[in-house]
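Notebook open, model loaded. I'm jotting down what I look up as I go.

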Amino acid sequence: MKQTNVGGSRRKMMNALAIAVLVIIFIGYMFPFLMVVINSLKQKRDIIKSPFSWLFTIKGLSFDNFVKAFVQMDFLNAFKNSLLVTVSATVLVTLLAAMLAYYIVRNKNKISDFTFALMVASMIIPFQAIMIPLVSIYGGTLHVLEHRLTLIFMHTGFSMAMSVFMFHGFIKGNIPIALEEASCIDGCSHAQTFFLIVFPLLKPIISTMVILNSLAFWNDFLLPSLVLSKKELLTLPLSTYSFYGTYSADYGTIMAGLLLCVIPILILYVVLQKQIIGGVVAGAVK
Amino acid sequence: MKSKNSGKDFCMFGLPGMFCFFAVVIIPFVYGVYLTLTDWDGVSSTKNFIGLRNFAGVVRDSQFWSSLILTFEYVIVVVVLVNVMAFAIAYLLTRGIKGQNFFRAGFFTPNLIGGIVLGYIWQFVFSRAFVSVGESTGWSLFGISWLSTPGKAFAALVLVTVWQLSGYMILIYVAGFMGLSEDVMEAASIDGASGWKKMTNIVMPLMMSSITICLFLTLSRAFMVYDVNLSLTAGGPYGTTEMAAMHVYEKAFTSRAFGLGQAEAFVLFIVVACISGLQVYFTKKQEVEA
Amino acid sequence: MKRKISGKVIVSVLTASFLTASLTGCTFGFASDPDDPNEVVEEIPIDTSVDSFAYDSSLSGTSITLLNSKAEIQVALEKMSVAYEERSGVHVEVMPVTDGDSPYTRVVSLYNSGNPPTLAILDTTDVIALAEEKAADLSEEPWVAEAEGYLTEVNGKVYCFPLCIEGRGIIYNKAVIEEALGREFDPASIRTQDSFVALLEELKAAGIQRPVSVAKEDWSLGAHHLQYIYELYDGTTPGAQEKVEEIKAGTLDLSSYARLEEFLNMFDVLKTYNVAQGDPLGADYDEMAIDLADGKTAFWFNGNWAWPNLAEAGADVEDEYGFLPYFMNNDETDFANQKIQASPSKQVMLDRIVASEKQQAAAKEFLNWIVFSEIGQQMLVKTCNVIPPFQNNPYEPLDPLSADIYAKVHSGNTFNASVIVPNDHWAVLGAAMQKYLADRSDRAELIGSIEEYWAQQN
């Protein structure tokens, strides 16, 4: 009894200490984001001369930057394009990668070993090394650039390796094969086993991967810039091009534009966080 | 799934994902490797096979090798710092402390800022915030911009990378900790003299698959560092912080030596592949088979 | 409970700010504060009443693309393309080179994708790299006669259209100097390095401790400063090219080359009076514009492209800004102390590989329209706000920096030496110059770097 008490108070102390440390590191982490928020409301001159000043000391604090960014980016159209590309590619890669990873974990054969090794190795290919070959194949030979479908397909392909890698690790570590064997006895087909039994158990890793992938697709600049150049197809990051000059940039508008781009992702994250927790709780009940 | 019908399973589960992957990554890569054996300059309509001459150029390019050595130093520091920070923070964030969701959202923010804006904001921090702190306190550490001396510019790069990458790795470690069962988490709480032992003996082995992934990701990302390098220091001051990936890109497009740049990218790939291969091999050995 | 609340708080705060942002737009329109320094200068009206340009009606309905690497005129070019389409029926799609890639990378990737732009605005070195492989010969175009002196030839042929003239030198803010000295300031009175130093000393005594801004960027140091050693040899393109060839071949000993020593003397002057002397590599480009506009400094080494930055910093079109030469020595008769460098900077290239006959014809018409039509002439100067290299263009640029270059071009106070150096010259030697600027290398080391760089080009 006594021991538990001592342990309890010590734990409380540790907890307080942990929170204190966290808060300090947390402020450091948040700081740049805070800078974006504050400076998105300022005029360029104030951003440069007094980037850290508190909002109320600056005259001319306004939402002008947001309005300007919204109009110049053709926000609604770009938002629609980004949403379409991100959602399709995320759904596609999550599904295909989970299936492929599941296949690789459960089938130890030469093809799966080879594919997995190749995928792991491919994650360290510098994108710049395949950029020119990529456009010459898809543009010069196949003539399929300037389509959102091509971009969706490429996003899916580029994030496949990393997603399979993550799903692979999770399935191997957290999904007991006994479950599937049981369902096999019950007479489920492989497809049924996967979609009804395995897939739901993947929730935590799915949430993580959805966040990581959708974030990457949503914010990506280089790949979309190679595939799309027509105005009506531009995604959000591409549409901020007009804020950058040759020698200088329109910082206030850039930061406002950045916030406009980021808000949907932040909302997705907050929503999915509950999913991550939910997934774990469901796993624990079983 | 091990039974019959493996052909059908393969077509259904394996093929679609593999198709995307091969079409987008492997085929262009193989084509790119072929280009390193030609004298193609990126625009001309003729390509002549010149064998390994580009690779001889790589051997002669002393700046490439010095940028590679610098990259090694950078990778070592970054990999250690990122993983220690991310592991510790993820651990604290899964202990059920008050407001942990709020904290998690906060630690996620580095992921939201990318590209040139990131470099710009951090330039502010290093050349202004630090300098103004230096002016008011007289600390020589903050006397002049960190970005104008080679050593501190390197430190600045490390700091920003740690900030950015650990935000990402925290997510993965958090997912890993949440995948552990309640008993293990209970055991993991460091509440006595034996806490540290429990941590290393019970928790670490179970977290090994997350650690493998994170080590691998930090290793490869750090080796490939380009965006932050370009937008924060642009290789400066006077070329002292130019990492391998940036050098490769500059070679191909600024110096217009396309074949040489492509060959250097390939050499970089081989180097990183060997190192991460070793890392995955050794950490995998530590993993607990579930 | 708490967790849920915090999550919701974030979402609602963000949503609220987002909504407020869009609502402000709707409710208050775009009217903004008249003192707003961010506000773009009122658009200058274009007189469209006269248009004697002969449009080829058979080209109507053709669609061409124009890749633009001069980000600051993107909007202006879009307006031009609309004006041109209204009259000719030719659609010109203006595609920007987006942040993150260089124009050359962009053009290379577009050629590889089989979808190159019909017209591409590029830097001179880029055009030369692509000319014989991809570009159409423009030597026979009518505008060639109007651009005499500003043409770039590759093996005797013209492959590109000079879009604008850009000049550089030491920008002064006249009001600041006059206020500090309490007397009239005549820029023409400064004719030697010594008199420039004397002026700097006077300003120092009057309270402007360090009156000069020197950018730390490698493109400024490596291209705009250092290239004076080639350009100022005799102020001509062939002369500059000759020096480059000699340095490359190793036949010119740099340590005894007078122009290099003079250049470094002047650079040292700028270094001594640099406002960021305590930390020259920590200098900030945008802050320099603000310092000059506010009068914290009186000089900024830069070119007429700096005007938008000065305007943002609060400078007015009525203010008196202008250029001083890069004073090389104390010889009043040396052209280097009297003239400033002004040369064509952006070139338009026409694709001959993929573009159809009709597209090429339409593109050529568009270029001629810019030079010969009343509307094109006005828009080049007033909408794009550039200095036209075409003699027949009667319009004068409005901002003080361009106006000063324009006046100097017409009074014979400029020289045009467009030296062609390898594309990584500014990056590699810019780094060497940074080191020298920061006092972490001496002249011998800098000269060694220059020699080493050129030796590698063989």
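How far apart do the C-alpha centres of domain 1 and domain 2 of chain C lie? I get 31 Å.

**Ground rules.** This is a predicted model, so I keep to its cut-offs: local features need pLDDT of at least 70, side-chain atom pairs count only at pLDDT 80 or more, and totals for chains, interfaces and linings use all residues. Residues are numbered from 1 along each chain as its sequence is written, while chains are lettered from A and ligands numbered from 1 in the order in which they are written.

**Confidence.** I noted ipTM 0.82 and pTM 0.83 for the model. pLDDT is the predictor's confidence in each residue, from 0 to 100. For chain C its mean is 87, and 90% of the residues reach 70 or more. Residues 1-41 of chain C are another matter: pLDDT stays under 50 there. The model has 42 contacts beyond four places in sequence for that stretch; I call two residues in contact if their C-beta atoms, placed from the backbone, lie within 7 Å. Where pLDDT is low, the predicted coordinates should not be read in detail.

**Chain C, overview.** I count 17 helices and 13 strands in chain C. These are DSSP runs numbered from the N terminus, helices being H or I with at least four residues and strands E with at least two. Of the 458 residues, 49% are buried. Buried means that 20 or more other C-beta atoms lie within 10 Å of a residue's own, exposed means 12 or fewer, and partly exposed is in between, with C-beta atoms placed from the backbone. Taking contacts between residues at least 6 apart in sequence, 75% join residues at least 24 apart.

**Back to the domains.** Domain 1 of chain C covers 57-164 + 345-390, and domain 2 covers 169-342 + 417-456. The bounds come from an automatic or database domain assignment. Six residues from domain 1 and five residues from domain 2 make the contact. On the domain 1 side I find two nonpolar, three polar and one charged residues. For these classes, Ala, Val, Leu, Ile, Met, Phe, Trp, Tyr, Cys and Pro count as nonpolar, Asp, Glu, Lys and Arg as charged, and the others, Gly among them, as polar.

**The five-strand sheet.** I traced an open sheet in chain C with the order E2-E1-E3-E12-E6 and mixed pairing. E2 (91-96) and E6 (160-162) stand at the edges with a single partner strand each, so one side of each has no neighbour in the sheet. Neighbouring strands are turned by 25° against each other on average, direction ignored. Two strands pair if DSSP finds at least two bridges between them. E6(C) and E12(C) (346-350) pair antiparallel over three bridges, with C:Pro162 partnered by C:Gln347.

Next, the helices lying across this sheet. H3(C) (103-112) lies across E1(C) and E3(C), at about 145° to E3(C). H4(C) (124-134) lies across E3, E6 and E12 of chain C, at about 120° to E3(C). Axes are lines fitted to C-alpha atoms, for helices over the stretch in contact, and angles run from 0 to 180 degrees between N-to-C directions.

**Strand E9(C).** Is E9(C) (299-303) buried or exposed? Five of its five residues are buried, so the rest of the structure largely encloses it. C:Phe299, C:Phe301 and C:Gly303 cover one side, C:Trp300 and C:Asn302 the other. E7(C) runs antiparallel to E9(C), joined by five bridges, and C:Tyr172 has C:Phe299 as bridge partner. E8(C) (212-213) pairs with E9(C) in the parallel sense over two bridges; here C:Ser213 stands opposite C:Trp300.

**Helix H7(C).** Six of the eight residues of H7(C) (218-225) are buried, among them C:Leu221 and C:His224. The buried residues pack against E7, H8, H10 and H16 of chain C.

**Between chains.** I looked at B against A first: 79 residues of chain B contact 81 residues of chain A. H1(B) gives the most to chain B's side, with 21 residues. That side has 53 nonpolar, 20 polar and six charged residues.

For C against B, 28 residues of chain C are in contact with 24 residues of chain B. H1, H3, H4 and H16 of chain C each give two or more residues. Chain C's side divides into 11 nonpolar, eight polar and nine charged residues.
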